[in-house]
Amino acid sequence: MRTLTTLALLTVALCMAATASADIFGDCSFTEKRNVAAPASGVSRIVIIGRAGYLHINGRRGAGEVRATGTACASSRDMLSDTKLTLSRSGSELRIEAETPDNNGIFSSAKLDFEVTVPDNIALRVEDGSGDLTIDNVASTDLTDGSGDITIRNVIGDLSVRDGSGDMNIDNVSGNVHVSDGSGDIDVNGAASVEISNDGSGSANIRNVKHDVHIGNKGSGSVEVSDVGGNFHVGSKGGGAIDWHRVAGHVDVPERFRK
């Protein structure tokens, strides 16, 4: 009985400690607005770098400036002052970056949630750490993402995504889509062509593609492809099914999945 009581008390203590740690890590005791802006004239590429926190990027037709607005959140005033948005320009490249302190941990935390408005005809390079990411109505985009769900809609041009973990939803890309993904579901609806060079785990649902769909190395998770105007190819596949419907061109999948 004494052993059971001791174990019960230890479990409660560990749960309380874990809860306290989670509360401290998510502490937003201090907040402050952050804003930067610059003219878009002469800019041919915009680089946006996010850290912890959500990032929303919205393209606007005819926009004459690039503007970022957000909220810094930290567990102390000192960390809050070190959480900021910076803007710089080098030649025709404009750079917006979220800066957060290096000493985030169990007993201290800081993040920066922000939105960026850009002209819809300037190419983007985006690097994001953690937190959900949404990109809407933009030109060609090159994205590197750590973790968190991704939603990308209405891209005029090509889209390249390198992602660690989290679900990915891509809708209406006029150009080619290239994806390299660690884990999480992938949903692509509407593109000129789709290439998934590597995908560790999670389902892949690809539809309404004008030309080819090429999947190089697919780990676990189902693959479903439909309404493809060109060829459909899968190089290697782990667990999970492969289904395809209304593929105009040639289908080439590993032998055990052939119908």
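## Basis and an acidic patch

D132 counts as partly exposed because its relative accessibility is 43%, where buried means under 20% relative accessible area, exposed over 50% and partly exposed in between, with a 1.4 Å probe and protein chains only. This is a predicted model, in which local features need pLDDT of at least 70 and side-chain atom pairs count only at pLDDT 80 or more, while totals for chains, interfaces and linings use all residues. Residues are numbered from 1 along each chain as its sequence is written, and side-chain values use heavy atoms, with hydrogens and water left out.

D132 is found in the loop between β8 (123-130) and β9 (133-147), and together with D149, D167 and D185 it gathers in a patch of negative charge on the surface. Patches are made of residues with over 30% relative accessible area and no salt bridge, like charges being joined within 9 Å and nonpolar side chains (Val, Leu, Ile, Met, Phe, Trp, Tyr) within 5 Å. Asp and Glu count as negative and Lys and Arg as positive, with His and the chain ends not counted, and the place of a charge is taken as NZ of Lys, CZ of Arg, CG of Asp or CD of Glu.

## The chain as a whole

The secondary structure comes to two helices and 20 strands, taken as DSSP runs numbered from the N terminus (helices H or I, at least four residues; strands E, at least two). Buried residues make up 41% of the 259 residues, and the chain exposes about 12,500 Å², of which carbon and sulfur atoms supply 50%; accessible areas come from the Shrake-Rupley method with a 1.4 Å probe, and for residues only the protein chains shown count as cover. Among contacts (heavy atoms within 4.5 Å) with a separation of 6 or more, 36% are accounted for by residues 24 or more positions apart.

## Salt bridges

A search of the whole structure finds 13 salt bridges, each a side-chain nitrogen of Lys or Arg within 4 Å of a carboxyl oxygen of Asp or Glu. In the pair of D120 and R61 the closest N and O atoms are 3.7 Å apart. Since D120 lies in the loop between β7 (110-119) and β8, and R61 in the loop between β3 (55-60) and β4 (65-74), this pair ties together parts that are 59 residues apart in sequence. R61 is exposed, with a relative accessible area of 74%.

R162 forms a salt bridge with D142, their closest N and O atoms being 2.5 Å apart, and the pair links distant parts of the chain, with R162 in strand β10 (residues 150-165) and D142 in strand β9, 20 residues apart. R34 is bridged to E32 at 2.6 Å between the closest N and O atoms; R34 is buried at a relative accessible area of 11%, whereas E32 is partly exposed at 41%. R51, R95 and E97 are linked in a network of salt bridges.

## Individual strand residues

T134 lies in strand β9 and is buried, with a relative accessible area of 18%; not counting residues up to four places away in sequence, T134 touches L55, H56, I57, T151 and R153.

Most residues other than glycine have a negative phi. N208, in strand β15 (residues 204-209), has a positive phi of about 55° although it is not a glycine, and D227, in strand β17 (residues 223-228), likewise has a positive phi, near 55°.
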